[in-house]
Amino acid sequence: MATNTTQTGPNVFQSRIGSFTVTGKAHSLSAWFVLALRLMMGYAFLYSGITKVLAAEPFSAGGYLNNVAATNGNPLAGVFAWMGSTPWFVEFANVAVPWGEVLIGLGLIVGAVVRLAAFFGALMMLMFYFGNWSVEHGVINGDFAYMLVFLAVAAFGAGRILGLDAYIEQYKIDGQALIEKYPKLDYVLG
């Protein structure tokens with residue numbers, strides 16, 4: 001006989017994909033660890049972006065795109081070769097990488113539009129994962145782990161933990177909280 005053991009209450013989370021349901025109960029200290037992950041990744045990206053923006057020599061993605069993927073057995077070597085040999089894409093990457101890191105870092109540190117920032121952080125880490133392809137020690141490396149950290153920060157709504165997203169979501173428009181008036185903002189805030 002199957003029984004329904006669905007838990008409800010504080011610190012309980014549940015997700016269903018198809019017929020598979022997972023349920024967990026977070027410890028009250030979990031909020032501090034999620035906050036620490038958000039701040040750590042925010043600092044790392046902000047620092048990385050600022051060092052590129054303020055460097056004496058302008059940041060250039062061309063060499064990385066043209067050379068790194070071709071030398072390491074990368075399954076996306078052709079994509080990286082295309083990116084590196086396409087002038088408009090190289091110019092885009094020259095701006096998007098350093099300023100993207102700065103904006104992602106700032107968003108995470110202040111806790112504003114955290115899910116959007118974490119999505120783009122995860123996307124950058126996915127690209128770095130393939131660009132820095134190395135499977136000598138298995139398919140999991142630091143870039144892959146950081147991608148998962150970004151996804152966890154987004155999934156746990158880390159911007160609501162001592163972040164501006166908690167205030168942005170409750171901003172009133174015509175007497176209604178922003179997140180209630182525009183529920184799709186939940187995909188970028190939190």
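Predicted model: local features only at pLDDT ≥ 70, side-chain atom pairs only at ≥ 80, totals over all residues.
The lining of the second largest pocket divides into eight nonpolar residues, four polar and no charged. About 320 Å³ of space lies inside the second largest pocket. Its lining is made by N11, V12, F13, A26, H27, S28, S30, A31, V34, A155, F156 and I161. Helix α1 provides the largest share, three residues.

Now step back to the whole chain. The protein chain holds eight helices and four strands. Read from the N terminus, the elements run β-β-α-α-α-α-α-α-α-β-β-α. Along its principal axes, the C-alpha trace spans about 55 × 50 × 30 Å.

Helix α1 covers residues 30-53. Follow it to its contacts with other helices. Two packed helices are described by the angle between their axes and the distance between the axes.

Take α1 and α4 to begin with. Their axes come within 7 Å and cross at roughly 150°. Angles over 145 degrees count as roughly antiparallel, so α1 is roughly antiparallel to α4. The crossing of α1 and α4 is left-handed. On the α1 side, the contact is made by R38, L39, M41, G42, Y43, F45, L46, S48, G49, I50, K52 and V53. On the α4 side stand V97, P98, W99, E101, V102, I104, G105, L106, L108, I109 and V110. By class, this contact of α1 with α4 has 16 nonpolar, four polar and three charged residues.

Helix α1 also meets α6, which covers residues 142-155. Here the axes come within 10 Å and cross at roughly 125°. That angle makes α1 oblique to α6. Helix α1 passes α6 in a left-handed crossing. From α1 come L37, R38, M40, M41 and F45, and they meet Y146, V149, F150 and V153 in α6. The residues of this contact of α1 with α6 divide into eight nonpolar, no polar and one charged. R38, M41 and F45 of α1 are also among the residues in the contact with α4.

Helix α4 has another partner, α3. The axes of α3 and α4 lie 5 Å apart, and the helices pack at an angle of about 90°. The range from 65 to 115 degrees counts as roughly perpendicular, and α3 and α4 are therefore roughly perpendicular to each other. In α3, the residues of the contact are W82, M83, G84 and S85. They meet P87, W88, F89 and V90 in α4. Six residues of the contact of α3 with α4 are nonpolar, two are polar and none is charged.

The tour ends at the largest pocket. Its volume is about 700 Å³. The largest pocket is lined by 31 residues. Nearest its centre lie A96, V97, M124, M127 and F128. Five helices each supply at least two residues of the lining: α1, α2 (62-67), α3 (77-85), α4 (87-110) and α5 (114-131). Helix α4 gives the most, with nine residues. By class, the lining of the largest pocket divides into 26 nonpolar residues, three polar and two charged. V97 lies among the residues nearest the centre of this pocket, and V97 also takes part in the contact of α4 with α1.

Definitions and conventions
Residues numbered from 1 in each chain as written. Heavy atoms only, no water. Axes fitted to C-alpha atoms, helices over the stretch in contact; angles between N-to-C directions. Parallel < 35°, antiparallel > 145°, perpendicular 65-115°, else oblique. Left-handed = near helix turned anticlockwise from the far one by under 90°. Contact = heavy atoms within 4.5 Å. Nonpolar A, V, L, I, M, F, W, Y, C, P; charged D, E, K, R; others polar. 1 Å grid on protein atoms, 1.4 Å probe; cavity = no way out; pocket = protein on both sides within 12 Å on 5 of 7 lines; lining within 4 Å. Points joined across faces, edges and corners; volume = space filled by probe spheres on them.
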